[in-house]
Amino acid sequence: MQKVALIGYRGMVGSVLVERMISENDFSGIEPFFASTSQAGEKGPDIGMEVPPVADALDIDFLSGMDIILTCQGSDYTKKVYPALRKNGWKGYWIDAASALRMNDDSVIVLDPVNRPVIDKALQRGVLDFIGGNCTVSLMLMAIGALFRKGYIEWMTSMTYQAASGSGAKNMRELVAQMAGIGHNAETMLSDPAAGILALDRNVLETMKSDAFETGQFGAPLAGSLLPWIDAKMENGQTKEEWKGFAETNKILAAEPPIPIDGICVRIGAMRCHSQAMTIKLTKDIPVDEIEDLIQSANEWVRIVQNTKEDSLKSLTPAAVTGTLEIPVGRIRKLNMGNHYLGVFTVGDQLLWGAAEPVRRMLGILKNR
Ligand code: NAP
């Protein structure tokens, strides 16, 4: 049986991963080990079978004994441990949710419903590093990967509406704390239907601007507002999150020549579902029903939502999608710019298809080889 070390299992992505592995019975047929940078020697998580005590995730000798290492610990950990392990001669498979190794020439970004042939070819030529993609990119490709595969996309913009969870657990807590602060201060006015709306509005703004309002994680109010900047600045004025849209999409698809992709990434007050509005320049005039059939047939999770108010509000929102693997795609229509221009909106749980699911499935691919 393959020895598999799971690192980062206590974190947000790691917890979702372990939950998914239990529900898909992924622990059968492997010998699992859990490792942590802070909990070595403690009891491992309850996965319905005996597991050894938690190992030290920085112990290179322990890690060198593994056939597969799956880490959701983060890039700092990867940068520290991965080079030392390979230098030590370790030839096992490294599966990683963090971005550190994503753009390396000898790594593959995994999203098997979209790029299984790229993964299979990489395995045949001996690639050992399989890295989960950026959440927004993975969710976008789960939704409209079929249009890319058919060569129907000349260029694309993606304007995103990204959830707090993309920044981590502390940020999710801060969003809720901000909401609670606003609600608490407005309570008296809210319970009085006669209270003036402008007074209520002023009250909310005062709360958001007060020193007591928690903004330590995001650096600005998110509840009642939005943040049009995610991650570091790139030299060309993009943010790193926006840069990933082009770089990672083309790497996942092994697209040659690369397809132009750009957009603006925006943080909104959703908990764990990212949404995005795409403007697509088609390579030819394709009827909307044909586009819908193509999108629908791409994988078992994607689902066309009819372009009506009722269907969009029922099925095309973070609240409807959170905690599920569904990838609804809606608001599909030709834009005023002409028949080659398509508008599309999609939503997905960024902790599932955006983070844990692609790496979980990569482990499954290795297990079943
Ligand atoms: P996280 O929740 O901050 O967890 C990372 C590590 O923090 C844990 O494995 C744990 O390591 C440690 N930790 C310290 N105190 C903890 C506590 N009270 N509860 C739980 N863990 C605690 O990180 P994450 O959001 O899962 O992200 C992990 C990696 O996945 C990052 O590289 C991130 O970029 C990537 N990723 C994240 C997302 C996302 O949506 N968040 C999406 C795609 C990829 P020890 O056991 O060693 O102490």
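Buried means under 20% relative accessible area, exposed means over 50%, and partly exposed is what falls in between. Keep those cut-offs in mind as you click through this predicted model.

**Stop 1: a patch on the surface**

Select Met159, Tyr161 and Ile264, which together make a nonpolar surface patch of about 250 Å².

**Stop 2**

Next, go inside. In soluble globular proteins, nonpolar side chains tend to be buried together. Here, the largest nonpolar core has 72 residues, and Phe130, Ile144, Leu147 and Ile280 are those with the most contacts inside it. Which helix gives the most to this core? Colour helix α5 (residues 135-149) to see the answer: α5 contributes 10 residues. A second, separate core has 18 residues, and Ala5, Tyr77, Trp94 and Leu101 are included in it.

Leaving out residues up to four places away in sequence, Phe130 touches Tyr93, Trp94, Ile95, Asp96, Val108, Val110, Ile119, Ala122, Leu123 and Met362. Keep Tyr93 and Trp94 displayed, as both come back at the next stop.

**Stop 3: aromatic rings**

The structure holds nine aromatic pairs. Begin with Trp90 and Trp94: their rings are edge-to-face, 6.4 Å centre to centre, with 80° between the planes. Are these two tryptophans buried or exposed? Trp90 has a relative accessible area of 5%, so it is buried; Trp94, at 0% relative accessibility, counts as buried too.

Then pick Tyr93 and Phe130, whose rings form a tilted pair, 6.3 Å centre to centre and with 45° between the planes. Tyr93 sits in strand β5 (residues 93-96) and Phe130 in strand β7 (residues 129-132), so this pair ties together parts that are 37 residues apart in sequence. Both Tyr93 and Phe130 are buried.

For one more group of rings, select Tyr9, Phe27 and Phe34, which ring pairs link into a cluster.

**Stop 4: a proline in a loop**

Move to Pro228, in the loop between α7 (197-209) and α8 (240-253). Pro228 has a relative accessible area of 51%, so it is exposed. Which residues does Pro228 contact, leaving aside its neighbours within four places in sequence? Show Cys265 and Val266 to find them. Draw a C-alpha to C-alpha distance from Pro228 to Cys265: the two are 6.4 Å apart in space and 37 residues apart in sequence.

**Stop 5: salt bridges**

Now turn to charged side chains; the structure holds 13 salt bridges.

- Select Arg116 and Asp120, a salt bridge in which the closest N and O atoms are 2.9 Å apart. These residues are separated by about one helical turn, because they are four residues apart in helix α4 (residues 112-124). Arg116 is partly exposed at 34% relative accessibility, and Asp120 is partly exposed at 27%.
- Select Lys334 and Asp285, where the closest N and O atoms of the salt bridge are 2.8 Å apart. Lys334 is in strand β12 (residues 327-334), while Asp285 is in the loop between β10 (273-282) and α9 (288-296), so the pair ties together parts that are 49 residues apart in sequence. Asp285 is partly exposed, with a relative accessible area of 43%.
- Select Arg303 and Glu326, a salt bridge with its closest N and O atoms 2.2 Å apart. Arg303 belongs to strand β11 (residues 302-304) and Glu326 to the loop between α11 (318-321) and β12, so this pair ties together parts that are 23 residues apart in sequence. Arg303 is partly exposed, with a relative accessible area of 27%, and Glu326 is partly exposed, with 34%.

**Last stop: a charged network**

Finish by selecting Arg20, Glu24, Asp26, Glu357 and Arg360 together. Which kind of interaction links these residues in a network? Look at their side chains: Arg20, Glu24, Asp26, Glu357 and Arg360 are linked by salt bridges.

How values were computed
Residues numbered from 1 in each chain as written. Predicted model: local features only at pLDDT ≥ 70, side-chain atom pairs only at ≥ 80, totals over all residues. Heavy atoms only, no water. Core = buried A, V, L, I, M, F, W, Y, C linked by side-chain atoms within 4.5 Å. Buried < 20%, exposed > 50% of the residue type's maximum accessible area, 1.4 Å probe, protein only. Helix = DSSP H or I, 4+ residues; strand = E, 2+ residues; numbered from the N terminus. Contact = heavy atoms within 4.5 Å. Patch = residues over 30% accessible without salt bridge, like charges linked within 9 Å, V, L, I, M, F, W, Y side chains within 5 Å. Areas by Shrake-Rupley, 256 points an atom, 1.4 Å probe, with all protein chains shown as cover. Salt bridge = Lys/Arg side-chain N within 4 Å of Asp/Glu carboxyl O. Phe/Tyr/Trp six-rings, centres within 6.5 Å; stacked < 30°, edge-to-face > 60°.
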